[in-house]
Amino acid sequence: MATIFKIGDTDFSGYVSGLKVGMETLLSEESGRNASGNTVVDIIARKEKLYVTLRPLTESEMNTFLTAIADYVVTISYRHPKTNQMRTEVQCYVGTPEPEYYWMANGSALYKPMQINFIEM
């Protein structure tokens with residue numbers, strides 16, 4: 001399996017069922033319309049937001065994943081759609097994880113697919 005998503009040095013590609021990259025342009029407060037009605041744009045940064053969808057995870061897999069994002073700010077690597085190459089060492093903060101049980105039986109659990117965001121700092 002090709003590597004498409006890592007947190008730190010740990011490859012989570014096998015956990016991922018979907019990966020979407022949002023490419024955001026951040027504008028300064030000076031951007032907008034001027035007195036002549038023309039649009040003025042002052043770009044201050046370009047940042048990316050990853051929307052990662054995880055496949056159903058076992059109890060052990062969910063624990064491994066939640067442990068990897070416990071620090072809130074993490075370093076990730078992911079396959080970028082523009083270059084088809086890995087973008088590495090990207091500092092991100094993590095969106096709110098919301099694990100949801102699919103079922104519990106005999107003391108073990110399976111979790112439903114979960115989406116979580118990684119927002120570039």
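User: Are Phe12 and Tyr15 buried or exposed?
Analyst: This is a predicted model. Buried means under 20% relative accessible area. Phe12 and Tyr15 both fall in that class. The answer for Phe12 and Tyr15 is buried.

User: What is the geometry of the aromatic pair formed by Phe12 and Tyr15?
Analyst: The structure holds five aromatic pairs. One of them joins Phe12 and Tyr15, at 5.1 Å centre to centre. Planes over 60 degrees apart count as edge-to-face. With 80 degrees between the planes, Phe12 and Tyr15 are edge-to-face.

User: Which residue lies over the face of Tyr51?
Analyst: A charge sits over a ring if NZ of Lys or CZ of Arg is within 6 Å of the ring centre and within 35 degrees of the ring normal. Here the distance from the ring centre is 4.6 Å. The residue over the face of Tyr51 is Lys20.

User: Which strands stand at the edges of the sheet?
Analyst: The open sheet has seven strands, in the order β2-β1-β8-β9-β12-β6-β3, with antiparallel pairing. An edge strand here has a single partner, so one side is left without a neighbour in the sheet. The edge strands are β2 (10-11) and β3 (16-27).

Note on methods. Residues numbered from 1 in each chain as written. Predicted model: local features only at pLDDT ≥ 70, side-chain atom pairs only at ≥ 80, totals over all residues. Heavy atoms only, no water. Phe/Tyr/Trp six-rings, centres within 6.5 Å; stacked < 30°, edge-to-face > 60°. Buried < 20%, exposed > 50% of the residue type's maximum accessible area, 1.4 Å probe, protein only. Pairing = 2+ DSSP bridges. Helix = DSSP H or I, 4+ residues; strand = E, 2+ residues; numbered from the N terminus.
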